[in-house]
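Okay, thanks everyone, let's get going.

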Amino acid sequence: MECHYELTKGCLTISMPKELDHHSAEQLRQEADLLIDSYRVRNLIFDFSGTEFMDSSGIGVLIGRCRNMNYCGGSVKAKHMNARIQKIFRISGLHKLMETEEIGNEQAK
């Protein structure tokens, strides 16, 4: 799995893997939760610039992190989504749970 984490002043940016499926989702969930709890993260950013595929396991991880961040008064944002990931966000309703930013800095509808 090729996730990368960057922590800066209460903001955690997660560079998502090429394929966010059941093989990578559990590890991502555990690592993200550990960092969020340990460093009192208030802003969480999912960077999809290298992601080509996401299944329901990945959607579940995102929903869970949104829920956790909402409980602590934090915010969640997704950025650099290609057309396929944007479509998954729209179909699943993820775009209603977090702020989204498409490639080209346009807001996803």
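So, confidence to start with: pLDDT is the predictor's confidence in each residue, on a scale from 0 to 100. This chain averages a pLDDT of 92, and 92% of the residues score at least 70. The stretch to watch is residues 105–109, where the pLDDT is below 50. Beyond near neighbours in sequence, that stretch still has ten contacts in the model, a contact being heavy atoms within 4.5 Å. Where pLDDT is low, the predicted coordinates should not be read in detail.

Quick housekeeping. This is a predicted model, with local features taken at pLDDT of at least 70 and side-chain atom pairs at 80 or more, while totals for chains, interfaces and linings use all residues. Numbering runs from 1 along each chain as its sequence is written, and side-chain values use heavy atoms, with hydrogens and water left out.

Now the strands. Helices and strands here are DSSP runs numbered from the N terminus, with helices being H or I over at least four residues and strands being E over at least two. Two strands count as paired if DSSP finds at least two bridges between them. Strand β1, residues 4–8, pairs with β2 in the antiparallel sense over five bridges, and in that pairing E6 stands opposite T13. On its other partner, β2 runs parallel to β4, residues 43–47, again over five bridges, with I14 opposite F46.

How covered is β2? Four of its five residues, within 11–15, are buried. For burial I'm using relative accessible area with a 1.4 Å probe on protein chains only: buried is under 20%, exposed is over 50%, and partly exposed is in between.

Let's look at H4, which sits in strand β1. H4 counts as exposed because its relative accessibility is 52%. Leaving aside neighbours within four places in sequence, H4 touches T13, I14 and S15. H4 and M16 are twelve residues apart in sequence, and their C-alphas are 7.1 Å apart.

Next, the backbone angles. Most residues other than glycine have a negative phi. K9, in the loop between β1 and β2, has a positive phi near 45 degrees. That hairpin has two residues between its strands. K9 is out in the open, at 85% relative accessibility. R40 is another one, with a phi near 50 degrees. You'll find R40 in the loop between α1 (22–38) and β4, and it is exposed too, at 65%.

On to the helices. Q30 is in α1 and is partly exposed, with a relative accessible area of 45%. The Q30 side chain makes a polar contact of 3.0 Å with the side chain of E26. By polar contact I mean a pair of N or O atoms within 3.5 Å; within protein, one must be able to donate a hydrogen and the other to accept it, and residues adjacent in sequence count only if both atoms are side-chain atoms. Q30 and V61 are 31 residues apart in sequence and 9.7 Å apart, C-alpha to C-alpha.

Here's one I'd like you to zoom in on: R65, in helix α2, residues 56–71. Is R65 buried or exposed? It's an arginine at 6% relative accessibility, so R65 counts as buried. Past its neighbours within four places in sequence, R65 is in contact with R29, A32, D33, L44, F46 and V76.

Then α3, residues 83–92, where I85, Q86, I88 and F89 are buried. Down the helix axis, these buried residues fall within an arc of 160 degrees, so they line one face of α3; the arc is that of the directions from the helix axis to the C-beta atoms. The face turned away from them carries the exposed residues A83, R84, K87 and I91. At the N-terminal end, N82 caps α3, with a side-chain oxygen 3.0 Å from the backbone nitrogen of R84. Just after the helix, G93 takes a positive phi of about 90 degrees.

For C66, the nearest is that of C72, at 11 Å. C3 is buried at 12% relative accessibility, and C66 is buried at 2%.

Okay, over to you.

Technical notes:
A disulfide is a pair of cysteine sulfur atoms within 2.5 Å.
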